[in-house]
Amino acid sequence: MAHSGAAEVFTEEQEALVLKSWDVMKKDAANLGLKLFLRIFEIAPSATRLFSFLRDSDVPLDKNPKLKRHAMSVFVMTCESAVQLRKAGKVTVRETTLKRLGASHFKYGVVNEHFEVTRFALLDTIKEAVPDMWCPEMKAAWGEAYDKLVAAIKEEMKPIPSP
């Protein structure tokens, strides 16, 4: 199983595994997104400092409405991007969204370790969400989809030029 390399294709099997699991998870996307972020903060508590809306909040993380909204949008975007990967042959997040994501991740000082922690937490969250489907091939498919999304975000990680 080859890793990385832009020429690597997201296979039909990988697409099928991603689609099958996303079909089950999308009904619970809000809850799973929150689980993902709670897992990230469990692994890397200092990551909460990257989110301005968490810095001055006394609301417990699992009750924070802004975190819930953010978590759901991140989870849905990640999964939808994975589902489209084979059909489109590339990450399908809109270019404006990618530029915004890249700029905000740059501005808040997101580094490789943060992406690694998120990758681990994402795979863990999906494994928990679809335990009966989970297998090494599914783990590889989701990992590959996540890596492609992160690569697209990293390409845009630079300050937004002033007009």
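I began with the largest pocket, which has a volume of about 750 Å³; on a 1 Å grid over the protein atoms alone, a pocket is an open set of points where a 1.4 Å probe fits, with protein on both sides within 12 Å along at least five of seven lines, and lining residues have an atom within 4 Å of a point. The volume is the space filled by probe spheres set on the points, which are joined across faces, edges and corners.

This is a predicted model, in which local features need pLDDT of at least 70 and side-chain atom pairs count only at pLDDT 80 or more, while totals for chains, interfaces and linings use all residues. Residues are numbered from 1 along each chain as its sequence is written, and side-chain values use heavy atoms, with hydrogens and water left out.

I then looked up the lining and found 30 residues, with Phe 37, Phe 51, His 70, Val 74 and His 105 nearest the centre of the pocket. Helix 4 gives the largest share, 6 residues; helices here are DSSP runs (H or I, at least four residues), numbered from the N terminus.

Next I checked confidence, given as pLDDT (the predictor's confidence in each residue, from 0 to 100). The chain averages 85, and 87% of the residues score at least 70.

Last I turned to Glu 116, which lies in helix 6 (residues 112-129). Its relative accessible area is 52%, so I noted Glu 116 as exposed (over 50%, with a 1.4 Å probe and protein chains only).

Terms used
Helices (H or I, at least four residues) and strands (E, at least two) are DSSP runs, numbered from the N terminus. Buried means under 20% relative accessible area, exposed over 50%, partly exposed in between (1.4 Å probe, protein chains only).
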